[in-house]
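Come along and check each entry against the picture.

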Amino acid sequence: MGLPHGFEQFVLYDPKVTESKHLSRLVGMEAADIEAGRTKVDVTRRLIKRVNPSADVVGVQEPWQRCPSALKGCDLVFGAVDT
């Protein structure tokens with residue numbers, strides 16, 4: 001029997017592109033992400049895949065309220081807000 005792999009399916013919502021003000025609070029973000037114009041969803045996907053390469057990560061570059069259908073299949077939902 002193998003070791004459990006933890007969470008393997010993720011749905012990420014964030015409409016924002018990386019900015020310098022995010023460097024101190026977005027884990028895994030690098031200055032190169034800002035220069036490349038990467039989205040916060042792409043940075044988070046990269047971090048998750050480093051931890052679990054077999055993870056299925058769906059990124060939605062919208063607020064969840066505009067596209068909530070992806071949440072229907074989720075077993076666990078949590079939010080993190082700036083304010």
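**Entry 1**

I began in helix 2, where I found both Arg45 and Asp42, 3 residues apart, or about one turn of the helix. I reminded myself that I am looking at a predicted model. The side chains of Arg45 and Asp42 meet in a salt bridge, at 2.6 Å from N to O. I then looked up how open each one is. Arg45 has a relative accessible area of 25%, so I noted it as partly exposed. Asp42 is partly exposed too, because its value is 32%, and the band for that label lies between 20% and 50%.

**Entry 2: pairs that span the chain**

How many salt bridges does a search of the whole structure find? I wrote down 6. One of them joins the side chains of Lys40 and Asp14, at 3.5 Å from N to O. This pair links distant parts of the chain, with Lys40 in helix 2 and Asp14 in the loop between strand 1 and helix 1, 26 residues apart. Are these two buried or exposed? Lys40 is buried at 9% relative accessible area, and Asp14 is buried at 18%.

Next I looked at Glu30 and Arg50, whose closest N and O atoms are 4.0 Å apart in a salt bridge. Glu30 sits in the loop between strand 1 and helix 1 and Arg50 in helix 2, so this pair ties together parts 20 residues apart in sequence. Glu30 is partly exposed, with 38% relative accessible area, while Arg50 counts as exposed at 53%. I also marked a network of salt bridges that links Asp33, Arg38 and Arg46.

**Entry 3: the largest pocket**

I looked up the largest pocket and noted a volume of about 1600 Å³. Its lining has 39 residues, and Val11, Leu12, Tyr13, Phe78 and Ala80 lie nearest the centre. Which element gives the most to this lining? Helix 2 does, with 6 residues. Sorted by class, the lining holds 22 nonpolar, 8 polar and 9 charged residues.

**Entry 4: a patch on the surface**

Phe78 turned up again, this time with Phe7 and Leu76 in a nonpolar surface patch. Together the three have about 410 Å² of accessible area. I found Leu76 in the segment after strand 2, and Leu76 counts as exposed because its relative accessibility is 52%.

My last stop was Glu62, also placed in the segment after strand 2. Glu62 is partly exposed at 31% relative accessibility.

How values were computed
Residues numbered from 1 in each chain as written. Predicted model: local features only at pLDDT ≥ 70, side-chain atom pairs only at ≥ 80, totals over all residues. Heavy atoms only, no water. Patch = residues over 30% accessible without salt bridge, like charges linked within 9 Å, V, L, I, M, F, W, Y side chains within 5 Å. Areas by Shrake-Rupley, 256 points an atom, 1.4 Å probe, with all protein chains shown as cover. Helix = DSSP H or I, 4+ residues; strand = E, 2+ residues; numbered from the N terminus. Buried < 20%, exposed > 50% of the residue type's maximum accessible area, 1.4 Å probe, protein only. 1 Å grid on protein atoms, 1.4 Å probe; cavity = no way out; pocket = protein on both sides within 12 Å on 5 of 7 lines; lining within 4 Å. Points joined across faces, edges and corners; volume = space filled by probe spheres on them. Nonpolar A, V, L, I, M, F, W, Y, C, P; charged D, E, K, R; others polar.
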